[in-house]
Every structure is written in structure tokens, then in C-alpha cells.
Amino acid sequence: MEIMVLDTVGLKCPQPVMKIAVLSPDMQSGDLLEVVGDCPTFERDVRVWCGRLNKTLLSVREEGGYTKRIQIQF
Amino acid sequence: MAERIQCWEFFSCREESCPVYVGREINCWLVSGTHCREQIQGRFLEKMEMCLECPVLDRNIDLVQLRETLHLVGLQFRGITRALRDRDRELKGTNAGLADGLSRSFEMVRKLCLGDPTARVKIDSSNEMLVKLEGALNQMGESVQEMVDQSHELAMGLCQHYDTLNQIAGGNLSVTAHEDSANELIAKLGQLINKETRTMVGVISDYRQAESDLQEKEERYRLLFEQSPVGVFHYDHQLRITDCNDRFVDILRSSREQLLNLDMNTLKDQRVLPALKEALAGGPGFYEGPYSATTSPAAISISMQTAPLLGREGRTRGGMGIVEEISERKKAEEDLAAEKERLAVTLRSIGDGVITTDMGGRVVLLNQVAESQTGWRQEEAFGRTLQEVFCIVDEKTRDRCQNPVEKVILSGKTEILTAPTLLVRRDGQERTIADSGAPIRDKDGKMIGVVLVFRDITDQQRLSEELLKYEKLKSIGVLAGGIAHDFNNILTGIMGNISLAKMFAQDAEKVRKRLDEAEKASYLARELTQQLLTFSRGGAPVKTTASMAEYVQEAVTFALRGSKLKGEFSIPDDTWPVDFDQGQFQQVIHNLVINADQAMPEGGILRVGLGNKTITAGEGIALPEGRYVQIWFTDQGVGIPRENFSKVFDPFFTTKPRASGLGLATAYSIIKRHDGLITVESKPGQGTTFRLTLPASGKIPPVQEEAPSPLVRGHGRILVMDDEAIVREVLGEMLTRLGFEVAYAHDGAEAVKIYRVAKKIDQPFDLLIMDLTVAGGMGGLEALQQLLEFDPKVRAIASSGYSSDPVMSDFQAHGFKGVMAKPYTLEELSLVLGSLPNP
């Protein structure tokens, strides 16, 4: 399955989740989006977003510092 | 040394709180807390610069004060030095804490700047400023966190609403935006989205409903248009048909292809154009009548209504038309009109009066006869009560009759007026009517009015009265006829013998004279019997066509012989001929002259007039319509009282002592048998007029022949048949005198026998004279019929005392060659014999 990657490194929250929100209408049910961000509240924001919009947060991988790689299933 | 000054004096200061003023201290520069230059000064070193410039120091300082001043300065200096050292140590400690604190603060700020809103610094410094700074930084962190949270909430809310709006845009109107958010704007935005969504859902729903309704309406309209039982078409301002339904196509027997876009300006039949254009002008149009189609050979009758097609803005967009084919309806209307006309003609032609009323007894209709009879025209009578228009009274009591309409309405049945009823016309004239009323019922059987039918029976009643009178006369006549017949036979014997006796007594003057008188008396007796017979069942006129004008004057003149009356005649030349029995009419005239003579015993003028008369219905004359000839006899006598009018023609009615009372009755009977009428008009003291009305003949009168000469003698054998011996004897004697050989038979059977024998023995008879009526035996007619079978050339004369016998009036049709009415004289016998056709 193809995974779409969204790089939000350097963007301050809540810009990463807003980017995800912009992409969301184009994602079909079942699609995977991998988002990379380094904002300290990035993971929290993504979790909240997934919870509110009924999306599935599959995984969170820390990549040093504040940088994290999160996979979301639509 | 200058004099020492007091600073308060020098500066004119009276500051009572200044310790120098209070203590009156000259060495003011050594005192701390002085009030100089409007300030409270500190110790010397603090104000040294000011004091060094102050003139008071300059004036007041000496060595002692200088030593004191320097001592003070040294003290102060040492104190300052200690303070500075302490201060230095303190500062060194403070700097270390400050650095640490600042370092932590910087870290916190760095984290905060990196985006960690949770970064905080621990406040455990003794440095007040640092504590304040850390506190401030933590406060700032709180604020930043709050802002971040809010911004996150805002962003999250926006993301959610963005997602929701995307779904809505994708057509999912069931999605609901979140309305619970810490951010009021996001919450309100969610509410707004939901509200807008609901509104949109409502609008879409309404739109869809409206679309559905519109489709349904369009479908209904389409069905209405397509399946309408009438033809419907639309057209534009250029009169081009833009649409039409199937019925329209059917009516015009055409096709849709031919009719769509048809330019109606080019129609073959332009009669519909005005109605089409009226609709375009904004008003309704209408045409009804025949129409010839353009795109087919159809020639039909149509009813077309047009109207403008208006758009929403109210402007005319074109026109529309509704067309019905009314060919059948037109025919039905024409048939109905023809039927109505037929009924109206029938109603007009009905010979009886017809009046119809409603249930309230108010006149609805009168036919022409009713109008004529009542004197009311339909338009005048309509709506009036029946009593106003149809005034009827009892003929005898003169009381107003019950309203026949009321009777019918009450009973619900046909009612016939039984009592003789008089209808009083509007002008007061009265006519006898027979009338009946019947209910008018509608198709459900409900009574909706009354119809009266009435007939003027005035003439009919007169006819009935005449008939009754006639029947009375007839019955009496039967009796008189029998007597007259027998009397005639006796008279035949008397007159015959007198005739013979006169022949024998030619030289005996006196005997002849007596015989003449006896003969006259027998003539009178004969006249009497003639009158009786005429008056009885007999008297069928033997008519000939003649001019009454020629006959009347001669007959009246003859009848007036010996009378004191003088005749005056008014007789036009163009009087129509009449078929009449001249012999009988002689009686009539004779009787009327006698009557006039009796009315004017001292003499007078009898006026006799003639005239043509055409009788039409309603004239009140009891005779059928047609051409008639009237003869009137007017005397100047005393007149006849009104109460005797109905009796003057009764048999044996007379006001004269020596009259028989049969004259006018006989005249009445004769006129009746001629299908005529005799009437009397009279006023006491003003004379009387008898008017005879006789049907005019359709034939042309023959030219009069000359009368044959009397006593024609002959020869041959004659067989006489009569059941009366006296008649046989007298007739035989007469025939012998005339030169004939005579044989006798007493009835028809004997006559046949004798005739046959004579024929066989070759002694045939040349003539038979046979009585028609033989009591108890065969009469002359039956005998002749038998003789004709034996001998078709047999010649016979009929003889009878009944002049009414049909054989007498039409003897030739029965096989006879002549007739002789009893009684007869020798001359009359010879005339008949002489008039016989040669064998």
C-alpha cells in the first residue's frame, strides 16, 4: 500500500495538523499518511485530530529531539 | 575671620522642621537631615558638593570645623568602605544566584520558543528580582500555553469544520459539525455550519419537493393537455401554432406535423381569425360555427374559445385556444329547433285552445286559439292568474266556475268540466266551451304545472240542438209517413176515379163542376199527404242542378197567387247554382208564403232576397265551412215572440187557429235533407225573416227542356202490379183510356209469373207498372230483379206512395225506366208514359 508522506518539520503547531486537514479530503478511506514533525506538541495535536475526525493513529516513532514520525490511517 | 552666618538667616529660612533651624546650629554642613534647597539632605558626603558651594560653609568653616568636618568625612568614608566591602560580597553571591536563575529562565524561554508551551522554571531563588523574573516567566509560559491551547483548539476546530464542509460539499448533508468547543468562535462556527446545513437541507428538501411538485404539475398539465377531451392549441404573436394536443389533431382530421408551426394567417377558412387575434390583444375570443380545415378536407362545426397566454410578468406571450367539434350538437340543436317548431306549429294548429299554467296558477302559455278565444295575447297573459285570463261561468246559474287549475292540482288527475260553461272573453263576448285540465309532469313524474284544453262548442251545441230537434221531427215523421202512405193509396183511388168520371161527364156541366171541386179537394189532400211524407222518413230529395235565382222568383210568384201580399225581389244575377228537389222546394216556398200571408192578414209586402254566402269557422252558423246560397223571406207582420223561436219549426205548432202546424216543420225537414239550414229572425212588431241557407252546387245547371204535352196515348200491353185493389182498378181504367191493354197482379211474385207466361206464349208485356211496397208480399224492386234475370230488356215503372224510397229518387240505378209518385192524375200518368225511352 502506498504511503503518503507529509513533512512538517520546522512548522510550528498547529500548522502540521492544519496541513493534515488540508490533505484529508483527498484521502480515500484506507489510505495511509505519514507525517513528520518536530513541534513539541506535534504528537498531541495529531492524536487530538485523529480522535476528533475519527481517523486511526497507527504509530508514533521518535527520531530524536522533538522530531517524530506518525502514521495515520484514513 | 569673617563673621559666621546663620544659614537660616542667610537663606531667610524659617523651616521649623529643619534640625539646624531648630537647633540653631551654625555648622549646618555637619548636620544630616537639613532642609536645604527645599530638600531634606543626608549626611555631609551626600551633600558635600552642595555644601562646598554654599556660602554658609565658606563663611563659617574654620580649622576646627574643618578638622571636625574631615573627621566626619573619615567616619563616613570608613563606613562607606565597610559597606562597600559588604556590598561587594553580597553582590558576588547575588550574581551567582542570578546567573543560575537566569540560566534556567533562559532555558525555559528557549523551550517556550521552540514551541513547548509546558516549559516552566522552578522558583527557588533568593533573589527577589530573580523570583520575580521566574514568576513572570512562568506566568508568561502559562499565557503562552493558554494561547497555544487556544490556537490548537482553533486549529483543530477549523480542521474539523473544514472536514465537515468538505463532506457537505461532497453531498453528505447528514454530517454534523461539532458545536462543543472551548473556542467560542469554533463553537459558533459549528452551530452556524449546522444551521446552514439544516437550512440547506431544508432548502434542498423544499427544492426537491418543489421540483417534485413541479414535475407532478407538469405531468398533470401534460396529461390534461394531451388527454383533454377538447382540442387545445397554443400559438405565438405571429399566429403560428406552437403546440397542440391529439384531440385538436383529431378534430381537424390532420397530423401534428402539419399543424405545428402552421401560420394561421394562411388558413383557408379565415372566420376564426378575429377570435385568435382578440386573444393576442388581451381579451377572450369566441367563434362558433362551420369551419373548413386547411390541412385536411374536413368541413365541420366547431366551438372555439381563445384567451391570452400571460407570463409571470403579466405580458402576453401568445394565445391559447380550446376547440370542440359540435357538428353533432349542432345537428341535435337543429333537430331540437325543428322539433320545437313542429311542436309550436302543432300547438298553433290545434283547433282547441290550450293554456298552460305553473303550480301557482299563473299563465305560462297560450296558443293562438286560446288567444283568440280569451282575447288575451300571450305576452299580456304571461304571469297573470288564470282567473284573470280565463273567466268561466256556469251557463245556467252565471256563477263563476271553480278554477280548473286548482281542481287538477288538488286531485293530480285530469279534470273535465261537466256543467255547461261559458267563457267570457276579455271584450265580454260569451262562448260555450267544453274544457278539461290535466297535470303537466316532468320526467320524474313530479307535477310542474297544469294544461287546460278547451273548445268552443257553441256551434256544436247548436248543431246538437238542431239534431235533437231533427230527431224529434223524425220520430213524429215515421208515424205520419205510415198514415200518409195509406192515405195516398186511397187518394189514388179517389183522384183516379174523379179523373175518369170527368172524362165520362164531359157533357154534364154540373156533374163536371162538382167533380172539379172534388178534384181540388183531393189535390189539397194530396198536398197534405205530400207534406206528411216529406216530413216523415221519406222525402229524399230528387235533386237537379238549377239556378235558385230563376226558380225562387217564379215559385214565389206562383205561391203568391190569390194572396193579398205583394212580392219584392232582390235577386242578383250571379247567384251560385244549387242542387235541389224543385218539387219539395215548391212546398217550402209555398209554406213560407202561407206563413207570411198569415202574419199580414190585411196584406203587405213580402221581401224575398238571394245572395251568395261563404261560411267560415267561428261564424256561429251550424253549417260546415263552404259556399252557400241564402234566400230570405221578410214580412212586415207582428213578429214572433222570442219564447216561440225554438218552437216555430216543431210539427203541429201553430198560433193560427186554422193552420195545420206542419208547414214550417215540413220546410225545416226539406231544407235539412238538402244539407241546409233554415233560421228565423224576428222582433215583435217588426216582422219576421226566414232565412234559408243551402249548399251551392259545384255543377253547371242544365238548359231547361220544354214540358211535354199532356195525355200521350199509346198502345201495347201493360202489366199493373199493386196490392191495393182500388189502385189496380183505377190505374187499369186510366191505362185503358190511354189505349193500352192491361193485365193485373196483386204482388211481385204473381207479376213475375204472369210476365214469364206471357213471354213464353209470345204475348209479351211492353211495360210493367209495379208498386214498390207490397204488404206481406214481394215488392216491385225484387220482382224486377227476377224479371231482369229472365228478360234483361224488361221495361218497368216504379210506383209508390213513399216518395222517400231510394228507388224513387234513383230509379234508373235499380233498373226501372220511370217513376210515378202516388197519387197521380191521368195527365201525370200519360206524361210519365210519354217520357219513357223507346225500347
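Two strands are taken as paired if DSSP finds at least two bridges between them, and helices (H or I, at least four residues) and strands (E, at least two) are DSSP runs numbered from the N terminus. The structure is a predicted model, in which local features need pLDDT of at least 70 and side-chain atom pairs count only at pLDDT 80 or more, while totals for chains, interfaces and linings use all residues. Residues are numbered from 1 along each chain as its sequence is written, chains are lettered from A and ligands numbered from 1 in the order in which they are written, and side-chain values use heavy atoms, with hydrogens and water left out.

In chain A, 4 strands form an open sheet of mixed pairing, in the order 1-2-4-3. Strand 1 (3-7) and strand 3 (56-62) of chain A are the edge strands, each pairing on one side only. From one strand to the next, the twist averages 20°; axes are lines fitted to C-alpha atoms, for helices over the stretch in contact, and angles run from 0 to 180 degrees between N-to-C directions. Strand 2 (residues 32-37) and strand 4 (residues 68-73) of chain A run antiparallel and are joined by 6 bridges. Opposite Val36(A) stands Arg69(A), in strand 4 of chain A. Helix 1 (residues 15-23) of chain A packs on the sheet and touches strand 1, strand 2 and strand 4 of chain A, contact meaning heavy atoms within 4.5 Å. The direction of helix 1 makes about 145° with that of strand 1 of chain A. Helix 2 (residues 42-53) of chain A also packs on the sheet, touching strand 2, strand 3 and strand 4 of chain A, and its direction makes about 5° with that of strand 4.

In chain B, strand 14 (residues 447-456) pairs in the antiparallel sense with strand 8 (residues 353-357) over 5 bridges. Strand 14 of chain B is also joined by 9 bridges to strand 13 (residues 430-441) of chain B, again antiparallel. Val453(B), in strand 14, is the bridge partner of Val354(B) and of Ser436(B). The hairpin of strands 13 and 14 of chain B has 5 residues between the strands, and Gly445(B) takes a positive phi near 85° there.

Val230(B) lies in the loop between helix 7 (184-227) and strand 3 (231-235) of chain B. This residue counts as buried because its relative accessibility is 18%; buried means under 20% relative accessible area, exposed over 50% and partly exposed in between (1.4 Å probe, protein chains only). Not counting residues up to four places away in sequence, Val230(B) touches Asn245(B), Arg247(B), Ile322(B), Val323(B) and Glu324(B).
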